[in-house]
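User: I am new to reading protein models and would like to learn where the labels come from. Could we go through some of them together?

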Amino acid sequence: MTDYIVIRPAADLPPGFLPAKEDGRWYDRASMPAGPPPGFTSPEGVWEAVAVPTGRFEVRDYDGAVAEVWEVRP
């Protein structure tokens with residue numbers, strides 16, 4: 001298990017659903033031991049989505065930290 005998780009939009013997520021500040025945002029896993037909240041609602045309240053672990057990982061260039069990628073999917 002990694003110390004961090006990172007949020008990414010799934011390819012089929014409607015454009016603009018995930019706020020730009022959330023795309024690629026890293027979170028300390030200690031603040032979300034079970035992962036992101038179980039559901040997301042679009043800013044307009046029209047779409048609903050869930051975040052799921054992908055089994056992929058990202059490495060930050062500047063410090064080598066590793067995060068598990070969680071995708072927001074419709």
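Predicted model: local features only at pLDDT ≥ 70, side-chain atom pairs only at ≥ 80, totals over all residues.

User: How many aromatic pairs does a search of the whole structure find?

Analyst: The search finds 1 aromatic pair. Its rings belong to Y4 and W26, with centres 5.6 Å apart. Ring centres must lie within 6.5 Å to pair, so Y4 and W26 at 5.6 Å qualify.

User: Why is the pair of Y4 and W26 called tilted?

Analyst: Look at the planes, which stand at 55 degrees. Under 30 degrees would count as stacked and over 60 as edge-to-face. An angle of 55 degrees falls in the rest, so the pair is tilted.

User: Which parts does the pair of Y4 and W26 tie together?

Analyst: Y4 lies in strand β1 (residues 4-9), while W26 lies in strand β2 (residues 26-28). The pair therefore ties together parts that are 22 residues apart in sequence.

User: What makes Y4 partly exposed?

Analyst: Y4 has a relative accessible area of 25%. Buried means under 20% and exposed means over 50%, so Y4 with its 25% comes out as partly exposed.

User: Is T2 buried or exposed?

Analyst: T2 is in the segment before β1. Its relative accessibility is 13%, and the cut-off for buried is under 20%, so T2 counts as buried. The side chain of T2 also reaches the backbone oxygen of Y4 at 2.6 Å.

User: Why is the contact between R25 and E22 called a salt bridge?

Analyst: The N to O distance between their side chains is 2.8 Å. A salt bridge needs a side-chain nitrogen of Lys or Arg within 4 Å of a carboxyl oxygen of Asp or Glu, so R25 and E22 meet the test. As for cover, E22 counts as buried at 13%, whereas R25 is partly exposed at 36%.

User: How do you know that E71 and R56 meet in a salt bridge?

Analyst: Their N to O distance is 3.4 Å, and the limit is within 4 Å. E71 lies in strand β5 (residues 66-73) and R56 in strand β4 (residues 48-59), so this pair ties together parts that are 15 residues apart in sequence. R73 also forms a salt bridge with E71, with the closest N and O atoms 2.9 Å apart. In the whole structure, the search finds 7 salt bridges.

User: Which residues make the nonpolar surface patch of about 270 Å²?

Analyst: The patch is made by F57, V59 and V66. Take V66, which is found in strand β5. Patch residues need over 30% relative accessible area, and V66 has 33%, so V66 passes that cut-off.

Note on methods
Residues numbered from 1 in each chain as written. Heavy atoms only, no water. Buried < 20%, exposed > 50% of the residue type's maximum accessible area, 1.4 Å probe, protein only. Helix = DSSP H or I, 4+ residues; strand = E, 2+ residues; numbered from the N terminus. Patch = residues over 30% accessible without salt bridge, like charges linked within 9 Å, V, L, I, M, F, W, Y side chains within 5 Å. Areas by Shrake-Rupley, 256 points an atom, 1.4 Å probe, with all protein chains shown as cover. Phe/Tyr/Trp six-rings, centres within 6.5 Å; stacked < 30°, edge-to-face > 60°. Polar contact = N/O pair within 3.5 Å; in protein donor to acceptor, adjacent residues only side chain to side chain.
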